[in-house]
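Biologist: Could you walk me through this structure before I start on it?
Modeller: Gladly; here it is, and we can go through it by topic.

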Amino acid sequence: MAPSPATAATAPPSAKAARAHTADLVRVLLFTGVVIAHSINGINTTPDVIRSSNLVGTLLHLTRYGFVAVTLFVLVLSTRDRPMAPRTFWRRRFGLVVWPYLLWTIIYAITDHLVIAGNPFGSPGQFFGDLAVNMVDGQGKYQLYFLLISMQIYLAFPAIAWLLRRTENRHWAVLGVAGAIQMSMFVVYQYLPRPSGDAWTVVYENLWKTLPMYALFVAIGALAAYHHEAVERWLRDHVVWVIAAGLIGTAFSVSAYLLATAPGDVPLQANTPWNPATLPWLIGGLALLWLAAMGWDDLRAAGRSVGARAVSIATIRAFGVFAVHPLILDVLARIGFMSALFDWFPNSAALRSIALVVVTLALSLVVVDLLLRTPLSRWLVARPRIPLRRAERSSTIVQNSHK
């Protein structure tokens, strides 16, 4: 018998929730990809490099869809052996994202005027009006929309968990329906003309921030966790074919981008996040990333550290880096660092990009480490405060690594 919606997060009782080390590494890599995408696209805007930089940006659209899949994977895997009423689930989860979302929206509403050149404060009425709108639509900064998507995932998760149980023998059909929804959203945004009128403008400006745009990856993440052992066994048994399919999908999407662009000429539709031509890469790239993380986890489980401590440390700081890195980029632009990169590396966009990525990541980690030691740590970086004293700090790090 299928459970009622009141027992939202459930799964087969024989399945044992385990620490998702593979998901930890994938999530860290995806967060790193966000920093890389924003750094490269922020500095490489001239006609001579726009095609190559936008190709990187197009491929790194994987981060948004990968985040959705990994979030669902972790939620299903961590709750499938621990039934939880919807209200209990929402109470535990929403605070992890709502407060950081609100606080960072406020922070960027202020720093965008203090740091970005030529962007002075307007009237108090305009400031607070814009702030109110940004709190609703997730446009306080270009990365904050994803926290709105996270809230939708948390809101819908009890129903998703119920649906997984209700359709236990029809999960291929669930995957197919999710794929149809996803492709329909892609086609609507990529190809269909937009109706005129203010109301339709609001709909189109915000509909891409809703779960239907990510339906396939919601299903991929949830079903991969629900059938965790079987999926991982299948991936190991077919690793060569999975790699081959992933590379073919990547080649298809890259070729489609190159055919739609030319040196110095990148049409807007060529690198949208909802271009159907990128879907083979989005699926194949996620599979390749997951296989690599599984290989790393196998080494870790065999007793070879291979950066296990670094991944644990990065996992604790990943959300904070995601939240703060646009501010770091704004500061670097304001103090002239980005301009200096063109003086230091006048003939190499690659070296400019690498330098900017490294500096942005390093400074973001420094800021996050400082925030982790403040009373506002949980509200700003979604992690418990790390005490300053060494003994307490070591204990806290161990506790965090098991969350």
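**Helix packing, aromatic pairs and cores**

Modeller: This is a predicted model, and I would begin with helix α2, whose buried residues are covered by elements that include α1 (21–43), α11 (239–260) and α12 (279–301).

Biologist: Which residues are buried in helix α2 (residues 50–59)?

Modeller: In that helix, Ile50, Ser53, Asn54, Leu55, Gly57 and Thr58 are buried.

Biologist: Stepping back, how many helices and strands does the protein chain have?

Modeller: The protein chain has 17 helices and zero strands. Its radius of gyration is 22 Å, close to the 22 Å given by the globule rule for 403 residues, so the chain is as compact as a globular protein of that length. The C-alpha trace spans about 65 × 55 × 50 Å along its principal axes, and 48% of the 403 residues count as buried.

Biologist: And how many aromatic pairs are there?

Modeller: The structure holds 22 aromatic pairs. In one of them, phenylalanine 89 and tyrosine 154 have ring centres 6.3 Å apart and planes at 75 degrees, so the pair is edge-to-face. This pair links distant parts of the chain, since phenylalanine 89 belongs to helix α4 (residues 86–115) and tyrosine 154 to helix α6 (residues 145–166), 65 residues apart. Both phenylalanine 89 and tyrosine 154 are buried.

Biologist: What about tyrosine 189 and tyrosine 204, how is that pair arranged?

Modeller: Tyrosine 189 and tyrosine 204 form a tilted pair, with 5.5 Å from centre to centre and 55 degrees between the planes. Tyrosine 189 is in helix α7 (residues 171–190) and tyrosine 204 in helix α8 (residues 198–207), 15 residues apart.

Biologist: Are those two tyrosines buried or exposed, and why?

Modeller: The cut-off for buried is under 20% relative accessible area. Tyrosine 189 is buried because its relative accessible area is 4%, and tyrosine 204 is buried because its value is 11%. Tyrosine 189 and tyrosine 204 also belong to one aromatic cluster with Tyr145, Trp200, Trp208 and Trp274.

Biologist: Switching to the nonpolar core, which residues have the most contacts inside the largest one?

Modeller: The largest nonpolar core has 89 residues, and those with the most contacts inside it are Val68, Phe73, Met213 and Phe217. Beyond its neighbours within four places in sequence, valine 68 is in contact with Phe146, Ile149, Ile153, Tyr214, Phe217 and Val218. Another core, of nine residues, lies apart from the largest one and includes Leu332, Phe337, Met338 and Leu341.

Definitions and conventions
Residues are numbered from 1 along each chain as its sequence is written. This is a predicted model: local features need pLDDT of at least 70, side-chain atom pairs count only at pLDDT 80 or more; totals for chains, interfaces and linings use all residues. Side-chain values use heavy atoms; hydrogens and water are left out. Buried means under 20% relative accessible area, exposed over 50%, partly exposed in between (1.4 Å probe, protein chains only). Helices (H or I, at least four residues) and strands (E, at least two) are DSSP runs, numbered from the N terminus. Contact means heavy atoms within 4.5 Å. Rings of Phe, Tyr and Trp (its six-membered ring) pair if their centres lie within 6.5 Å; planes under 30 degrees apart count as stacked, over 60 as edge-to-face and the rest as tilted. A nonpolar core is a set of buried Ala, Val, Leu, Ile, Met, Phe, Trp, Tyr and Cys residues joined through side-chain atoms within 4.5 Å. The radius of gyration is taken over C-alpha atoms; the globule rule is 2.2 Å times the number of residues to the power 0.38.
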